[in-house]
Each structure stands twice: as C-alpha cells, then as structure tokens.
Amino acid sequence: MSNKILPLGTSDFKSVIERDMYYVDKTGMISELIKGSAVTLLPRPRRFGKTLNMSMLHYFFSNEQDYRFLFDGLAVAEDTEVMKHCGQYPVVFLSFKDVKFTTFADSLSKIANLIQRLYLAHDYLLSSDVLSDADRAFFNQIVKKTSDITVLSESILVLSQYLHRHHQQPVIVIIDEYDMPINNAFFYDFYDEMVALQRNLLSGAFKDNPAVFKGVMTGILRIGRESIFSGLNNIDVCTLASERFCQYFGFSETETEKMLCDYGLTYELDAVRTWYNGYNFGGKTIYNPWSIVSLVTNKGQLNPYWLNTSDNALVRDLIGKAPYELKLELESLLSDKSRSLRKPLNEHVVFRDIHSSTETVWNFLLFTGYLSYQDKQLSPTGETSVALSIPNQEVRFFYTSAILDWFKEGEPKSY
C-alpha cells in the first residue's frame with residue numbers, strides 16, 4: 001500500500017516531485033505539444049489538472065535553472081529528441097485563475113498586478129544590453145504600474161520580444177485559465193470591456209509573433225473566435241471532444257484503478273464508477289481527478305467533492321434563466337439514468353447568445369463538465385451532433401439538490 005502524500009490542492013509540479021507526492025504521469029503531453037502547432041488551446045472543466053500540467057510545462061522548458069531531474073523516470077524522459085528541448089527556453093507563465101472580481105476596474109487592477117509580477121520575475125532584462133532606453137521605460141511602466149490599458153494590452157507581446165533578444169532563443173508562453181476573467185465579467189455585466197482587453201492581450205502575444213516558439217493556453221471554454229482569437233490563424237483548439245490530448249486531463253480507468261489499488265481501496269471500484277466515472281474526452285473514459293484524489297484522501301468516503309469546490313453560480317444562473325422546455329429536458333435526464341438527448345455540438349461558446357440559444361446552454365453544460373457526451377455523429381449537411389447525458393452520481397446530486405428545487409418554484413412538475 002502506498003504511503004505517499006496525495007497532491008490534493010497542490011498544483012506546483014516541482015513541489016509534487018520534490019516532496020515525492022503521488023503523481024499520475026502526464027508528461028507525455030510535452031512530446032505532443034512540441035510536435036504540434038505553434039499555439040494550442042486546451043479547454044477542460046475546472047479541477048481536471050490544467051494548472052498542474054501547465055506548471056509541468058513551465059519547469060520542463062524553463063532555462064532559469066536545471067530542472068531536468070524533475071523528469072527522471074517519467075514518460076517524457078524516454079523520448080531523447082524531446083528531452084533536447086528541456087531547459088532551453090525563456091518562459092512566460094501567467095495564470096488568470098484568481099481574476100474573480102465584480103467590476104472591470106478591480107479585474108484590471110488584478111491583471112496589472114499579475115503582469116507586474118511577471119515582469120519582476122525577469123527584471124534582469126533591465127540591465128541587458130539588448131534593451132534600449134525606450135524599452136526600459138516601457139518595462140518600468142509595467143513594474144511601477146503607471147501604464148495605461150494600451151500599454152498593458154501589449155505587455156505579453158513586448159516581454160516575449162525582450163526575452164527573445166536577450167536569450168537568443170524563442171519563448172514559451174503559457175497562459176492558464178485564460179477565460180476566467182471573461183466568464184466572471186459575463187456574470188457581473190462588464191463582458192465587452194474584458195473581452196476587448198483579453199483579445200488585445202492574447203491575440204497580440206500570439207499573432208505573427210516570431211519571438212514565440214510554442215504557446216499553450218488552458219481554460220474551461222472555447223470562447224467564440226470572433227470574440228477573442230480574431231485573426232489568430234495558427235491556433236490549434238483541442239476541446240474535450242477532440243481525440244488529441246484527451247488522456248492528459250483527468251484520470252483514465254487504468255490510472256484510477258491503480259490509485260485505488262495503491263491505497264487499498266479496490267473494494268470501492270464499482271461505487272467509484274457510479275459516482276465519478278462517465279466523462280468522455282475524445283472517446284476515452286475519464287474520471288474526475290479532484291474527486292478521485294479527494295476520495296482516496298478520505299479513505300473511500302463517497303461525497304460530491306468536485307461540486308463542493310465552487311459555488312457554481314454561473315451554471316445555476318444559466319439554468320435558472322433557461323426556457324422551461326430545456327428545464328423539462330434536464331428533468332427527463334434526471335428521472336432516467338439511461339436516457340440521453342441528441343443535440344448539436346458547437347465547440348465555440350458565444351456568451352452573447354447564452355440566454356437566447358438553448359444550443360449554447362447545452363454546449364456550455366457539456367464543456368463545463370455538467371453533462372457528458374457519446375455517439376458523435378456527422379450529418380449529411382455537415383452538422384455534428386452528440387448524445388448528452390448526466391455523467392455520474394456526483395453531478396446528478398448537483399442537479400437534484402441545487403437546481404431542480406429552484407426552477408420548479410411556481411411551475412408544475414413534469415413527473
């Protein structure tokens with residue numbers, strides 16, 4: 001039986017390895033990223049391992065110091081060609097996961113703080129011969145927080161250029177939870193301002209930027225191309241409906257069974273399947289990793305761990321405002337575990353349409369992890385559809401206890 005500490009709530013890859021914590025090896029994704037497109041967007045539901053994976057990429061590519069030892073014995077170490085990239089690049093690593101404010105001004109201030117810390121992490125550039133006086137003035141505007149929103153919008157692009165010139169090596173840009181500010185802004189009614197900022201910040205960094213070797217972004221949703229990635233033609237989007245990268249977020253059946261076995265919980269396997277299985281990422285069966293690690297930490301006690309990590313405010317609001325017909329269809333899924341509903345698959349979420357389009361609602365629930373899909377089909381007209389269902393008991397508990405009671409108020413029950 002394993003006596004390793006489980007990495008519940010630990011998203012720093014170096015800490016996990018150095019403390020010899022239990023690690024489910026996802027380093028194979030490094031090989032796919034190196035051999036893939038210039039910019040890759042990997043949307044997945046919350047708590048499915050995005051931040052830990054982005055931290056892993058940071059330590060793999062970073063030339064700050066020698067981190068090769070962190071990858072000893074892991075899958076990527078067996079790929080000698082890919083290991084040639086280890087420790088070779090300056091890295092820009094920025095996470096927007098904590099940009100959760102009720103006003104645009106507060107959100108902008110938080111983003112300015114994040115970018116200030118990013119620049120301070122590379123303040124050695126101020127003494128570099130490759131920077132001109134004008135470059136240093138720009139740098140100091142960011143550090144002293146005297147820049148306006150236009151300068152802030154160019155900050156990632158400009159920093160990547162400075163790093164490229166100083167190191168004579170292209171840059172790795174990693175953006176974690178790129179859409180968190182946008183999701184929050186939609187809920188608090190400053191969506192347009194935040195979209196404009198993120199569009200300039202991210203598209204500017206990645207569009208036709210020779211200073212960038214690879215860009216990787218994660219988030220929960222793929223925000224409509226016209227909103228964020230207009231003009232960005234080199235981006236490869238791999239959602240949970242894509243086959244590529246599907247095994248690198250969440251736990252597979254084999255990984256889950258091994259963890260349960262390692263901690264002496266094999267007798268719980270059937271119950272674990274019922275509670276936490278049911279996700280389909282690119283045709284592979286995936287378990288919710290937060291829930292599995294929480295389950296093992298709590299010695300097999302079944303609970304809705306994933307649901308308890310968030311107030312689910314946007315999802316609750318969305319369903320509460322949805323047409324009554326959609327609510328009835330959700331009730332039908334809840335009343336019959338074997339039931340599914342065939343709906344069009346649209347991997348672009350356009351927030352402007354979210355209260356006027358039931359198709360957008362269904363896809364929002366799918367890509368945020370509140371529904372799962374099977375049986376992807378392509379019609380003769382080119383439309384893709386999927387069979388949607390509630391993935392497991394944990395999510396079923398959410399619909400039963402947290403949502404149905406609200407939208408049934410004043411409405412007749414359908415069964």
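Helix α11 is followed by G264. The phi of G264 is positive, near 70 degrees. Helices here are DSSP runs of H or I with at least four residues, strands are E runs of at least two, and both are numbered from the N terminus. This is a predicted model, in which local features need pLDDT of at least 70, side-chain atom pairs count only at pLDDT 80 or more, and totals for chains, interfaces and linings use all residues. Residues are numbered from 1 along each chain as its sequence is written, and side-chain values use heavy atoms, with hydrogens and water left out.

Step back into α11 itself. The helix spans residues 253-262, and T256, M259, L260 and D262 are buried in it. Buried means under 20% relative accessible area, exposed means over 50%, and partly exposed lies in between, with a 1.4 Å probe and protein chains only. These four residues sit on the same side of α11, because they cover an arc of only 165 degrees around the axis. The arc is that of the directions from the helix axis to the C-beta atoms. An α-helix has 3.6 residues a turn, so residues three or four places apart point the same way. What covers the buried residues of α11? The cover includes β6 (251-252), α12 (269-276), β8 (284-287) and α13 (289-297). Contact means heavy atoms within 4.5 Å.

K145 has one of about 60 degrees. K145 is found in the loop between α6 (133-144) and α7 (149-153). Its relative accessible area is 38%, so K145 is partly exposed. Q168 is another residue other than glycine with a positive phi, near 55 degrees. Q168 is found in the loop between α8 (155-167) and β3 (171-176). At a relative accessible area of 61%, Q168 is exposed.

Now go back into helix α8, where Y162 is found. Is Y162 buried or exposed? Y162 counts as buried, because its relative accessibility is 3%. Leaving out residues up to four places away in sequence, Y162 touches L125, V130, L131, D135, F138 and F139. F397 lies 235 residues from Y162 along the chain, and their C-alpha atoms are separated by 51 Å.

F190 has its place in the loop between α9 (180-187) and α10 (191-206). F190 is buried, with a relative accessible area of 5%. Its contacts, not counting residues up to four places away in sequence, are F101, T102, T103, F104, S107 and A185. A105 is 85 residues from F190 in sequence, yet 9.8 Å from it in space, C-alpha to C-alpha.

Finally, the whole chain. It has 17 helices and eleven strands. The C-alpha atoms fill a box of roughly 75 × 50 × 40 Å along the principal axes. A compact globule of 415 residues would have a radius of gyration near 22 Å, and the chain agrees, with 22 Å. That radius is taken over C-alpha atoms, and the globule rule is 2.2 Å times the number of residues to the power 0.38. Buried residues make up 55% of the 415 residues. Of the contacts between residues at least 6 apart in sequence, 75% join residues at least 24 apart.
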